[in-house]
Amino acid sequence: MFNISTFDTVIFIGYIIAVLVIGYIAGRREKKKASGYFLAGKTLPWYAIGFSMIATSISTEQFIGAGAKSYEVGMAVLHWEWAMLPSFTLLAFVFLPLYLRRNVFTIPEYLEKRFNRTARTMFSIMTLVSYLVINLSGVLYSGGYTLHKIFNMPLMGSIWILAVITGLYTIYGGLASVVWTDTLQGIMLIGGGAFITIAGLLKIPGGLTAAVGTG
């Protein structure tokens with residue numbers, strides 16, 4: 001069990017409160033149209049979108065699971081991350097302009113316009129089932145397990161806390177709440193990851209020198 005001080009607990013609680021407050025403020029505008037909910041009224045700045053993409057792509061899967069497995073078997077575990085480069089390139093230069101020209105807000109909506117309502121429904125069901133069974137379950141479990149180990153909280157209670165907190169601002173504010181809370185989390189993920197990397201290299205004899213290629 002980790003030795004967590006009162007200061008650490010206060011920081012954690014403050015972080016949760018900050019996420020909820022940002023999510024509420026960002027999503028408090030009345031969302032009269034689908035574009036307001038799914039596209040945040042098309043008012044998001046580029047840097048917020050960038051941080052949101054980073055925060056969406058990085059979770060406890062990478063910080064805990066992938067890191068531990070890479071230490072065990074090697075960096076080949078993370079090679080699949082390279083697929084993000086061609087996929088994001090296609091999204092930005094091929095699919096995104098297509099969605100904008102057709103005034104489409106979601107992929108299921110595009111499938112209905114391109115094919116029919118059956119294609120939209122099938123894609124929505126497959127996406128929800130695959131995400132809930134494969135992705136979301138692993139993310140919630142690993143995040144809940146972290147809280148369980150650090151704060152000695154019940155495992156199921158930790159999982160429910162993560163699910164409820166995330167669901168509250170996501171359902172309430174739509175994309176605007178998600179992106180702005182992701183911006184905070186993206187900054188913390190990058191900063192925390194850089195700190196852990198540098199601190200780890202400093203603990204290894206010659207680690208930082210080898211990493212920067214000096215000496």
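Good morning. Please keep in mind throughout that the model is predicted. I begin with the overall layout. The protein has nine helices and zero strands. Read from the N terminus, the order of its elements is therefore simple to write: α-α-α-α-α-α-α-α-α. The protein has 215 residues, and 20% of them are buried.

Helix 1 covers residues 6–27, and helix 8 covers residues 155–203. Their axes come within 7 Å and cross at roughly 120 degrees. Angles of 65 to 115 degrees would count as roughly perpendicular, and those over 145 as roughly antiparallel. Helix 1 and helix 8 are therefore oblique to each other. The crossing of helix 1 with helix 8 is right-handed.

Is R28 buried or exposed? With a relative accessible area of 55%, R28 is exposed, because the cut-off for that word is over 50%. R28 and G174 are 146 residues apart along the chain, yet 9.9 Å separates their C-alpha atoms.

A second pair of helices is formed by helix 6, residues 107–114, and helix 7, residues 117–151. Here the axes also come within 7 Å, and the crossing angle is roughly 155 degrees. Helix 6 is therefore roughly antiparallel to helix 7. The crossing of helix 6 with helix 7 is right-handed.

I now come to the salt bridges. How many does the structure hold? There are three. One of them links E109 and K113, whose closest N and O atoms are 3.9 Å apart. A salt bridge requires the two atoms to be within 4 Å, so the distance of 3.9 Å qualifies. Both residues belong to helix 6, and because they are four residues apart, about one helical turn separates them. E109 is buried, at a relative accessible area of 18%, while K113 is partly exposed, at 46%.

The other bridges involve E112. With R117, E112 forms a salt bridge with an N to O distance of 3.2 Å. With R120, E112 forms a salt bridge with a distance of 2.4 Å, again N to O. Because they share partners, these salt bridges join E112, R117 and R120 into one network. R117 has 56% and counts as exposed.

A nonpolar patch of about 920 Å² is made by I49, M53, F88, L90, L91, F93, V94, F95, L96 and L100. Which helices each supply at least two residues of the nonpolar patch? They are helix 3, residues 46–57, and helix 5, residues 84–101. Helix 5 gives the largest share, with eight residues. M53, by contrast, lies in helix 3. The relative accessibility of M53 is 33%, so this residue counts as partly exposed. A residue needs over 30% to join a patch, so M53 passes that cut-off at 33%.

To close, I return to two points. The model holds nine helices and zero strands, and E112, R117 and R120 form one network of salt bridges. Thank you for your attention.

Terms used. Residues numbered from 1 in each chain as written. Predicted model: local features only at pLDDT ≥ 70, side-chain atom pairs only at ≥ 80, totals over all residues. Heavy atoms only, no water. Patch = residues over 30% accessible without salt bridge, like charges linked within 9 Å, V, L, I, M, F, W, Y side chains within 5 Å. Areas by Shrake-Rupley, 256 points an atom, 1.4 Å probe, with all protein chains shown as cover. Salt bridge = Lys/Arg side-chain N within 4 Å of Asp/Glu carboxyl O. Buried < 20%, exposed > 50% of the residue type's maximum accessible area, 1.4 Å probe, protein only. Axes fitted to C-alpha atoms, helices over the stretch in contact; angles between N-to-C directions. Parallel < 35°, antiparallel > 145°, perpendicular 65-115°, else oblique. Left-handed = near helix turned anticlockwise from the far one by under 90°.
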